[in-house]
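Take a moment to turn the model around on your screen before reading on. The report below walks through a few of its helices, loops and residues.

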Amino acid sequence: MATMENLIGLVNRIQRACTVLGDHGGEGASALPTLWEALPTVAVVGGQSSGKSSVLESIVGRDFLPRGSGIVTRRPLVLQLHKTDDGTPEYGEFLHLPNKRFADFARVRHEIQEETDRITGRSKMISPVPIHLSIYSPNVVNLTLVDLPGLTKVAVEGQPDSIVGDIENMVRSYVDKPNCLILAISPANQDIATSDAIKLAREVDPTGDRTFGVLTKLDLMDKGTNAVDVLEGRSYRLQHPWVGVVNRSQADINKSVDMIAARRKEREYFQTSPDYGHLASRMGSEYLAKLLSKQLENAIKARIPSILSLINKTMDELESEMNHLGRPIAVDAGAQLYTILELCRAFDRIFKEHLDGGRPGGERVYGVFDNQLPAALKKLPFDRHLSLQNVRKVVSEADGYQPHLIAPEQGYRRLIDGALGYFKGPAEASVDAVHFILKEIVRKSLNETQELKRFPTLQTEVAAAANEALERFREDGRKTATRLVDMESSYLTVEFFRKLPQEVEKGGNPQASAMDRYTEAHLRRIGSNVSAYVGMVCETLKNSIPKAVVYCQVREAKNSLLNHFYTQVGRKEGKQLAALLDEDPALMERREGCAKRLELYKAARDEIDAVSWARS
């Protein structure tokens, strides 16, 4: 089975990688995925003046934490302890100062203060960005602790009123996580019911499964009182036994009493105490460190399979998003031109899919021909144009001073020309309707071309070029459609007129018709003949107008929508091409963030794979 050193060291390395790559948890659902929050940790929680710093120094066996009044811990301190062989020198290393060893722990204290100020300034503000400190010593156990700012009830001078809530929210962002073990530190000389640490732990861990209670300042309790009820779990029960510790007094700190000597003094206190002697085997900072190390090891061991599963799942998601976001842009002009053309082809491919039925939209073009055009043709005012009154007016005006002899040819022509002119409206309306459908398909295709979303400038240019091309196609379509109508007017079908005399012979006495060319029956026959001819032309145009529209607009849009744009792009120089590939800064930032997170998860997986897991 993997050793405790391997297990805790594994998490230490992953935590360091998290911090280097900007993952320190608490980033919200909309941010990049976080690995930090999946890692088991021990968070040290306590109110100001609870003895939290003294407990940590006692566990480490070194005096290394900044001290002072007010809020001293203003950034989380990830304290990674590494047990070394007896006789080896002790030293500390900071993640932000790689390969620099601090053998003087006074300098460690100074560096913690300096690094805190580097982020927060010399104000009393706080920051969630952790400081990583690794301590290598034969006097420690393998353990990782996260020292959090002390809980407070009031803001001190120089701090905003929100500082109380800000600190609590930061602490909660750690202890809320189900994989976080809570080291709740409370002073024994205060009522446990008022403990800030216990109050917060009760809220986030009501069952007490993750909470380890620590009582400090047992030696400072009023004479005749003790904390046995708390330590034995009668005052406030937790799933894990309470641990009492006795830290150095202020006098000891002032005298720089050796921490190893302080540990020995602590052991003697519990062994000789009439109140706590029966609990001595599970009291003291040394016992606390071993307990936490064992519990952290167990938590890591239990979580490794789910962490590995999370890593694999998140890597797939990040790689998918990276593919979606696209590769970084090349600086070479040729590569940039190739990228632009590829993006345009991707858009063009989607545009064609809409027209050809792979995506919705193209069916609306057929709807124009199958519904809109026939409906518009039916609404044309032929009844008014071929009314008895209008036929008489047109025929008589066409005859002039000389009435027609057999058939009013000029009257027919004028009536037919006037009727055929009405077809231009539906023809142009069909052209416009298809034009607007194509414009809408262009808009949809641009939105659906995910690669183009990276480059707003290029997207705008492609949209402008496509719409400009559609305008040219519309103009060609309008000319062709109206030309079809003009063609019908310019040459009437002769066979239709050749049938007219036969109809007259079949219809009655031609001599009577010749004597009165303006009777109602004669005018009605003229209107009926013109209506029949117009109906024949209507059926022809109902078929030919869609052909013209498709040929001039749809076909051209499929074949050459961006041809003019391609020509223009091919003439551009490097700077102009780069301007087209001016990527959205938010997407650039997102890609960079995803790349770093992917690097983190790969490193974490490699770390886990590197640990030798022997089956028991």
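Helices H10 and H19 cross in a left-handed way. H10 covers residues 333-356 and H19 covers residues 520-560; their axes come within 9 Å and cross at roughly 145°. Which residues of H10 and H19 meet? On the H10 side they are Asp348, Phe351, Lys352, Leu355 and Asp356, and on the H19 side Val554, Ala557 and Lys558. Sorted by class, this contact of H10 with H19 holds 4 nonpolar residues, 4 charged residues and no polar ones.

Keep in mind that you are looking at a predicted model. The protein has 616 residues, and 47% of them count as buried. Its secondary structure comes to 22 helices and 9 strands. Among the contacts with a separation of 6 or more, 82% join residues 24 or more positions apart.

| Helix | Residues | Number of residues | Span | Expected span |
|---|---|---|---|---|
| H22 | 585-610 | 26 residues | 37 Å | 38 Å |

Where does H9 bend? The bend, about 45°, is at Ile304, and a proline, Pro305, follows within four residues. Just after the end of H9 you can find Gly326, with a positive phi of about 90°.

H22 also has a set of buried residues to look for: Arg591, Gly593, Cys594, Arg597, Leu598, Leu600, Tyr601, Ala604 and Ile608.

Asn99 is not a glycine, yet its phi is positive, at about 65°. You will find Asn99 in the loop that runs between strand S3 (91-94) and strand S4 (101-102). Is Asn99 buried or exposed? Asn99 counts as exposed because its relative accessibility is 77%, and the cut-off for exposed is over 50%. Lys217 is not a glycine either, and its phi is positive too, at about 60°. The loop that holds Lys217 lies between strand S8 (211-216) and helix H6 (228-231). With a relative accessibility of 23%, Lys217 counts as partly exposed.

Ala227 is found in the loop between S8 and H6 as well. Why does Ala227 count as buried? Its relative accessible area is 4%, and buried means under 20%, so Ala227 belongs in that class. Leaving out residues up to four places away in sequence, Ala227 touches Ala188, Leu215, Leu218, Met221 and Tyr276.

Finally, look for His435, which sits in helix H15 (residues 424-448). His435 is buried, as its relative accessible area is 1%. Which residues does His435 touch, not counting those up to four places away in sequence? They are Leu470, Glu471, Arg474 and Gln553.

Conventions. Residues are numbered from 1 along each chain as its sequence is written. This is a predicted model: local features need pLDDT of at least 70, side-chain atom pairs count only at pLDDT 80 or more; totals for chains, interfaces and linings use all residues. Side-chain values use heavy atoms; hydrogens and water are left out. Helices (H or I, at least four residues) and strands (E, at least two) are DSSP runs, numbered from the N terminus. Buried means under 20% relative accessible area, exposed over 50%, partly exposed in between (1.4 Å probe, protein chains only). Axes are lines fitted to C-alpha atoms, for helices over the stretch in contact, and angles run from 0 to 180 degrees between N-to-C directions. A crossing is left-handed if the near helix is turned anticlockwise from the far one by less than a right angle, and right-handed if clockwise. Contact means heavy atoms within 4.5 Å. Ala, Val, Leu, Ile, Met, Phe, Trp, Tyr, Cys and Pro count as nonpolar, Asp, Glu, Lys and Arg as charged, and the others, Gly among them, as polar. The bend at a residue is the angle between axes fitted to the seven residues ending there and the seven starting there. The expected span of a helix is 1.5 Å times one less than its number of residues.
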